[in-house]
Amino acid sequence: MTYRDSTIDAAAGTRQPTLRRRPRRSAEQNRQQILRAATAEFATHGLAGGRISRIVKKAGTNPRMLYECFGSKSELYIATLESALGALRTEELTLDVEHLDPLEGLLQLFDFMNGHFERDGHLVSLLRAENGTKARYMKKSSRIHEMSSPVLSMTKRLLSRGVAEGKLSPDIDPLRLYVMIAALSQFHLTNVHTLSSMFASDLSAPDWRAKRREDARRMLAAYLERKPG
């Protein structure tokens with residue numbers, strides 16, 4: 001609580017602070033606060049290691065409110081997956097690359113995915129943990145099933161146009177390319193600590209990551225471009 005002003009205690013001649021109540025949060029604001037706290041908690045500790053007590057403390061709420069909003073710990077975990085993937089899909093929908101040269105458009109798709117995963121470490125951690133469960137909880141979400149990535153459709157169209165223009169190799173499968181781009185955007189993040197330790201080199205350093213990104217871009221370009229003959 002915070003102090004708004006003071007009143008004088010007539011008997012003691014001292015000033016007594018007047019307490020000011022915090023503004024009441026709406027149900028949606030409470031839900032979002034809990035969701036943000038839970039995302040950080042599960043990304044750090046996983047579902048099994050995540051603690052409701054830490055989530056409600058960080059969210060500034062209580063267990064009763066959490067269970068009213070989400071029902072159970074596992075349902076809250078699923079909601080964090082939906083939220084993190086939903087943020088990725090929302091950002092994907094803002095992409096505007098189809099007017100570009102097909103090769104440059106695909107390289108910018110890589111730039112986007114690489115940048116998103118670099119910025120959203122929580123998503124990387126949540127996906128890594130969920131893979132450890134063989135997507136047990138992701139499979140329970142109808143919302144995630146309905147999230148078809150617009151990037152895959154863009155990839156198909158750019159590839160098709162590039163092949164028609166004679167600029168891109170005709171034997172590239174869009175889904176395999178998408179998975180390749182995702183791998184090039186995440187592997188160095190999901191394995192940063194072990195690789196840094198093994199090779200005594202800081203793979204989290206901005207300079208190292210910038211050079212790795214350029215290497216990956218050149219690899220993709222060489223793979224995508226139509227070969228003579």
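Biologist: What am I looking at, and how are residues numbered?

Modeller: This is a predicted model, in which local features need pLDDT of at least 70 and side-chain atom pairs count only at pLDDT 80 or more, while totals for chains, interfaces and linings use all residues. Residues are numbered from 1 along each chain as its sequence is written, and side-chain values use heavy atoms, with hydrogens and water left out.

Biologist: How many helices and strands are there in the protein chain?

Modeller: The protein chain has 11 helices and two strands. Helices (H or I, at least four residues) and strands (E, at least two) are DSSP runs, numbered from the N terminus. Along the sequence the pattern is β-β-α-α-α-α-α-α-α-α-α-α-α.

Biologist: What percentage of the residues is buried?

Modeller: Of the 229 residues in the protein chain, 42% are buried. Buried means under 20% relative accessible area, exposed over 50%, and partly exposed in between (1.4 Å probe, protein chains only).

Biologist: And the core? Which residues have the most contacts inside it?

Modeller: Ile55 and Leu76 have the most contacts inside the largest nonpolar core, which has 56 residues. A nonpolar core here is a set of buried Ala, Val, Leu, Ile, Met, Phe, Trp, Tyr and Cys residues joined through side-chain atoms within 4.5 Å.

Biologist: What does Ile55 touch?

Modeller: Not counting residues up to four places away in sequence, Ile55 touches Ile34, Ala37, Ala38, Glu41, Phe42, Leu66 and Leu76. Contact means heavy atoms within 4.5 Å. Ile34, Ala37, Ala38, Glu41 and Phe42 are among the buried residues of H1.

Biologist: Where does H1 bend?

Modeller: H1 bends by about 85° at Ala43. The bend at a residue is the angle between axes fitted to the seven residues ending there and the seven starting there. Ala43 is itself one of the buried residues of H1. The cover over those buried residues includes H2 (52–59), H3 (63–70), H4 (73–92) and H6 (121–132).

Biologist: Now H9. Why does its length count as agreeing with the expected span?

Modeller: Because the 17 residues of H9 (residues 174–190) should span 24 Å at 1.5 Å a residue, and its end C-alpha atoms are 24 Å apart. H9 does bend by about 30° at Leu184.

Biologist: What do the buried residues of H9 pack against?

Modeller: They pack against H4, H5 (102–119), H6, H8 (150–164), H10 (192–198) and H11 (206–224). Pro174 and Leu177 are among the buried residues of H9. Both of them touch Thr155, which lies in H8. Thr155 is buried, with a relative accessible area of 0%, and also touches Leu106 and Leu109.

Biologist: Different topic. Where is Ser141, and what does its side chain reach?

Modeller: Ser141 is in the loop between H6 and H7, and its side chain reaches the backbone nitrogen of Ile144 at 3.0 Å. Ser141 counts as buried, at 2% relative accessibility. Beyond its neighbours within four places in sequence, Ser141 contacts Ile78 and Glu82.

Biologist: And Ile144, buried or exposed?

Modeller: Ile144 counts as buried because its relative accessibility is 10%. Ile144 lies in H7 (residues 142–146). Leaving aside neighbours within four places in sequence, Ile144 is in contact with Leu81, Glu82, Leu85 and Met138.

Biologist: Last one: what is the phi of Lys134?

Modeller: Phi of Lys134 is near 60°, a positive value in a residue other than glycine. Lys134 is in the loop between H6 and H7 and is exposed, with a relative accessible area of 69%. Ala200, in the loop between H10 and H11, has a positive phi near 50° and counts as exposed at 71% relative accessibility.

Key: The expected span of a helix is 1.5 Å times one less than its number of residues. A polar contact is a pair of N or O atoms within 3.5 Å; within protein, one must be able to donate a hydrogen and the other to accept it, and residues adjacent in sequence count only if both atoms are side-chain atoms.
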